[in-house]
Amino acid sequence: MRGKVTGITNYGIFVGFDNGYKGLIHISEISDNFVKDINNFAKIGEIIPCKIFEIDSQNKVVKLTLKKFDYEYRRESHYNKDFEILKEKLPYWISYKIKEINKNGNII
C-alpha cells in the first residue's frame with residue numbers, strides 16, 4: 001500500500017491515504033537498523049510504500065511499518081535521487097573527453 005507523508009516527528013512518520021485513513025509509522029517500524037534521522041527515510045508530500053499491521057476501522061486509523069520495504073524503498077527512491085546529478089552530467093563528461101582525445105590525439 002502507498003500513502004502520502006503528511007508529517008514527520010522525532011518519533012515517526014504520519015501518512016494519509018486516499019480512502020480517508022491516517023496512520024503512523026513509529027520510529028521502531030521504520031528500519032531493522034538504528035534510525036538516527038527519520039528525515040532520511042521520507043519527506044513531507046512524498047508517496048511511500050508501507051504495510052498495515054493494525055487497523056482501527058471506527059476511527060480510520062492504522063499502524064504501519066516500513067521495515068519490509070526498507071531496502072527496496074531506499075534503493076529505488078532515495079539512492080536513485082543521489083545519482084540523478086551524475087546521470088545528468090555524464091553526457092557532458094563523455095563529450096568533453098571525446099573532444100579532448102580528438103584534439104590531443106592521445107588516449108589515456
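**Fold, hairpin and surface**

Author: First, tyrosine 11 is partly exposed because its relative accessibility is 38%; buried means under 20% relative accessible area, exposed over 50%, partly exposed in between (1.4 Å probe, protein chains only).

Reader: What kind of model is it, and how is it numbered?

Author: This is a predicted model: local features need pLDDT of at least 70, side-chain atom pairs count only at pLDDT 80 or more, and totals for chains, interfaces and linings use all residues. Residues count from 1 along each chain as its sequence is written, and side-chain values use heavy atoms, with hydrogens and water left out.

Reader: How many aromatic pairs in the whole structure?

Author: Two. One of them is tyrosine 11 with phenylalanine 14, edge-to-face, 6.1 Å centre to centre and 85° between the planes. Rings of Phe, Tyr and Trp (its six-membered ring) pair if their centres lie within 6.5 Å; planes under 30 degrees apart count as stacked, over 60 as edge-to-face and the rest as tilted.

Reader: And phenylalanine 14, what's its relative accessibility?

Author: 29%, so phenylalanine 14 counts as partly exposed.

Reader: Switching to the fold. What's the pattern along the protein chain?

Author: β-β-β-β-β-β-α. That is one helix and six strands, taken as DSSP runs numbered from the N terminus (helices H or I, at least four residues; strands E, at least two).

Reader: How do strand 5 and strand 6 run, parallel or antiparallel?

Author: Antiparallel, with five bridges between strand 5 (residues 51-56) and strand 6 (residues 61-65). Strands pair if DSSP finds at least two bridges between them. Lysine 51 has threonine 65 as its bridge partner in strand 6.

Reader: What about the turn in that hairpin?

Author: Four residues sit between the strands, and lysine 60 takes a positive phi near 55°.

Reader: What does phenylalanine 53 touch?

Author: Phenylalanine 53 lies in strand 5. Leaving out residues up to four places away in sequence, phenylalanine 53 touches Glu29, Lys63, Leu64 and Thr65; contact means heavy atoms within 4.5 Å. Its C-alpha is 5.9 Å from that of leucine 64, eleven residues apart in sequence.

Reader: Why is phenylalanine 53 called partly exposed?

Author: Because its relative accessibility is 46%.

Reader: Now tyrosine 96. Where does it lie?

Author: In helix 1 (residues 70-104). Tyrosine 96 is partly exposed, because its relative accessible area is 49%.

Reader: How much of the protein chain is buried?

Author: Buried residues make up 27% of the 108 residues.
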